[in-house]
Amino acid sequence: MARNLTQRFPAFKVSRSRVVRPGWALALVVLTVLSGCTDQAWNDPYRAGESAKSVFYSSFSERPKHFDPARSYSANEWAFISQVYEPPLQYHFLQRPYSLVPLTAADMPQIRFYAHDGTELDDQAPAADVAYTDYILRIQPGIRYQPHPALAVNADGSPVYWPLDVEQTRSVNTLADFPLTGTRELVAADYIYQIKRLAFSPNHSPVAGLMGGHIRGFEDFATESSAAYEQLRAKTGEAKPWLDLRTIDMAGVEEIDRYTYRIRIEKKYPQFVYWLAMNFFAPMPWEAERFYQQPGLDEKNVNLHWYPIGTGPFMLTENNPNLRMVLVRNPNFHGERYPGEGPPEAREEGLLDDAGRPMPFIDRAVYSLENEAIPRWNKFLQGYYDNSGIGSDSFDQAVQFGSGGEASLTESMIEKGVRLSTAVETSVFYTGFNMLDPVVGGGSERARLLRQAIAIAMDFEEFISIFQNGRGEVAQSPLPPGIFGYRDGEQGVNPVTHEWLNGVARRRGIEQARRLLEKAGYTGGRDPQTGGPLILYYDTPAAGPDSKATLQWYRKQLAKLGIELVIRATDYNRFQDKMLTGTAQIFSWGWNADYPDPENFFFLLYGPNAKVEFKGENAANFSNAEFDKLFVRMKDLPNGAERQAVIDRMVGILREESPWLFGFFPKAFSLHHAWYKNAKPHLMANNTLKYKRVEGPMRAAAQKAWNQPVLWPVGLVLGLLFVSLIPAIRDFRARERSRAL
Amino acid sequence: MTAYIIRRLLYALPILIGVNALTFVLFFVVNSPDDMARMHLGSKRVTDEAIQSWKQDHGYDRPLLVNTAQQGAAVFTDTILFEKSIRLFLFDFGQSDSGRDISHDISQRMWPSLAIAVPTLLIGLAVNITFALLLAFFRATYLDFWGVVLCVAMMSISGLFYIIGGQFLVGKVLNLVPISGYDTGVHAWKFIVLPMIVGVVGGVGAGTRWYRTLFLEEVHRDYVRSARAKGVSEHLVLFRHVLRNALIPILTGVVVVLPLLFIGSLLTESFFGIPGLGSYTIDAINSQDFAIVRAMVFLGAVLYILGLLPTDISYTIADPRVRLD
């Protein structure tokens, strides 16, 4: 049993100063020394003096896997390689709607249409008459690659680092272990080489299937190159020998001269021009592939997946996806000037202050891995990241909504000079019905009315408010703002789910949904066959505790109609299986546009793209003869009145048939500090780092002001510890001096 | 002793085979090679041909466990299990399913894990022993009572709370150290301080409680009473007699943990942005990279087996009465 401490160990007077004073002095000396050592903030995660330089600091949360432009198809990878690789075209940084302009191309491609007999057609020719289309691209002369060991040559022109054997590569661990580098001029043949790499099956390019249906000779090349590769493997005994793709021709690509090449597309495919702005069509010097496939390098991750090689404004000098990615200015960059024109508001926003100046403006970009949202957000508030998204946990700390629904920053953000940028994403988050399902799918009147009733009941205005912090716009069709065909205002309202009242779109009342349900034969949500509530199934891969509220919301929406929604939650793999086999009933999915064309959204509902039958992207397995016919017509039309009319009819069919609840278009909210300039969000382009500018001294001053170390609590705690030790020391000494027990 | 060591090492083989088989079964119960291919190829425009090609390139186009299309031994050897497992026993971890060299990744990532784990272990050991000795010295007093209460309270708090609280208090409010991140070489020290403090503080409750129990067991023994009766001062009784005997179970507990320091702590590394082996493993699980998962499980099993062997040997050193047969 515990006894009173003072009874067991009688206290005696000890001069407190003998114990306390040395401890305080020591602590004070240590802290003074530490604080005087450097001007850098104690919690600065970067090296001293870096903050004042022209360096961009940001973060990434998902480790990139592939930097090979033939393979890479994720936004987190393109954030890096788009600063290194340069396809022939790019998006204008400031213009909206998004428009293409030349990048390495000297001008926009010449597009020529040809009939079956080879005669050239004009650009108004009907798509049915076009047998093939030529895209002729002329590259600017004088563009050079970044310094790279693969391009290092001896005095006689022979490569320095080829051929190498295993012994010579034994000591190599990173690309930096090759001390010599070289460069050469970009030529048209490099673009052709990359197109061949897309077709070469060991590269597993995700667009091989798509391009195989468009580029002439693509599939033949794939077959021929695969066979040649197997022969080479058998002959050399190597697992991954280098096959020189220049030795095999592809009928649809041709080098016209040193700076000009042609791509031949079957029939008409107007959307192909957008692919020319993607990294898949960036150039690849054949020397790089030969270099990287030497023995002993791939095992050390010295390959194209780790070390990209391009002509862009930056080069990737540190690739450590576990910690940090660093891009530095490419000394060989051909030079590009900041755009001199833009929309009227660009000048007011200061986005034309750098008009005509040579880019890039920053010397380095450092991206640190941050797995968790809390440290990422806190470091942004401390000024150690120049920009940041807004997580739902920190949303209220950063953003408030006015009475009119407009978003603005909170006082704490304004005090720090933080700026807010918003943009509706070129994405759609929808809820789909499996049109193969016997209850919700098919073309029967009953199923259609059921879908329409559910479309009214699903209150996505409420969903956006609750789960998206208001960051979204209810979708009235599959096309988001900024995509040709999108209609605004009263013209754009979905009459099935909304009505235009007093200048705004209002969701129809639940009574109207119930009437539709009654017409469908499900009065009060009752299944006439069982007499009980109609039971529908929502299949989802969202199974964690975070999803519980969302799933409960879905159930509540259908409960308004008296329908019972059963949630069938599985992991993502099983969900994918259900979608492929057609056993899902109702599901939610999203799509992020590859390019700003309505074809990239409507193809998600095109019959021959059905997921179950054709393994395509039409997850709802929607099939409507008129819609499909209109799709084929729409995709080849240029933007204009005719195309708009076709799109309007297609949207009308989708609204009537309701294979999707259109859901909402997410709205991206991003924050950046005052020292980070030209931060206009661009949701199609990924190569925007070159436009950004950082005022280093402003950042350094802000970081210093915001991150002064607070030492008094440490002193207080140490003092309390010392004080609390006094009775213990006294009692210890008393015990030591006491007689035997 | 030599025979014992050899026997223990031979026991390791069936254990490792069993661990490997169990990992394989558990992984492929929830993931199929098609799922893995889709995960690596992305979610857009993935064709059946691309999936088959990926599986073929990575050796996942064979049957999982038994190949009924083959004859003889090939029924078992021409399978994913055999092909993926056999090289493990030669410590050839191969490449990850995303094409990275696993051995190279492990050799890079183990150092940050060790940089956190080793000082945390050593300082935590010193702190826990000190507090436990204090509580043993002031046993049966209010100091002891409230000390135990505090230890239980600290044990009850989730480690995640310490991490988030530590980051908020020390990194954000007091601005004393970076909230997260890492650097190489000597620059790493400021990133290690906070995870180390959090690790030590988080382990104080459980460690002190346990060590206190060990010390109290020794304190009531006859040899301690004899020492007191001979006039040995209390602090010498504790440090020279009690501590030395209580250190046997303490040290053997530490020795078994030593190899596992390489594996790192998942939560700590994830929140502090430490590029260690803990986050390496969980990233692999999330991305369904079986090559990394099997390598890390195998490595963990080997390290654990290797850790137990010195533990048993250290018993004989600490207590000469113990014999290993």
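Student: What is the bridge partner of A:Tyr114 in strand 6 of chain A?

Tutor: A:Tyr132 is the bridge partner of A:Tyr114. This is a predicted model, with local features needing pLDDT of at least 70, side-chain atom pairs counting only at pLDDT 80 or more, and totals for chains, interfaces and linings using all residues. Residues are numbered from 1 along each chain as its sequence is written, chains are lettered from A and ligands numbered from 1 in the order in which they are written, and side-chain values use heavy atoms, leaving out hydrogens and water.

Student: How many bridges join strand 4 to strand 6 of chain A?

Tutor: Strand 4 (residues 110-114) and strand 6 of chain A run antiparallel and are joined by 5 bridges. Strands here are DSSP runs of E with at least two residues, helices are runs of H or I with at least four, and both are numbered from the N terminus. Two strands pair if DSSP finds at least two bridges between them.

Student: And strand 8, how does that pair with strand 6 of chain A?

Tutor: Strand 8 (residues 260-266) of chain A pairs with strand 6 in the antiparallel sense, over 7 bridges. In that strand, A:Thr260 stands opposite A:Arg138.

Student: Why is strand 6 of chain A largely enclosed?

Tutor: Because 6 of the 7 residues of strand 6 (residues 132-138) of chain A are buried, the rest of the structure largely encloses it. Buried means under 20% relative accessible area, exposed over 50%, and partly exposed in between (1.4 Å probe, protein chains only).

Student: What is the strand order in the whole sheet?

Tutor: The order is 5-4-6-8-7 in chain A, an open sheet of 5 strands with antiparallel pairing. Strand 5 (120-121) and strand 7 (253-257) of chain A are the edge strands, each pairing on one side only.

Student: Which helix packs on the sheet?

Tutor: Helix 5 (residues 188-199) of chain A does, touching strand 7 and strand 8 of chain A. Contact means heavy atoms within 4.5 Å.

Student: Switching to the interface: how many residues of chain A are in contact with chain B?

Tutor: 75 residues of chain A are in contact with 59 residues of chain B.

Student: Which helix gives the largest share of the side of chain A that touches chain B?

Tutor: Helix 24 of chain A, with 7 residues.

Definitions and conventions. Axes fitted to C-alpha atoms, helices over the stretch in contact; angles between N-to-C directions.
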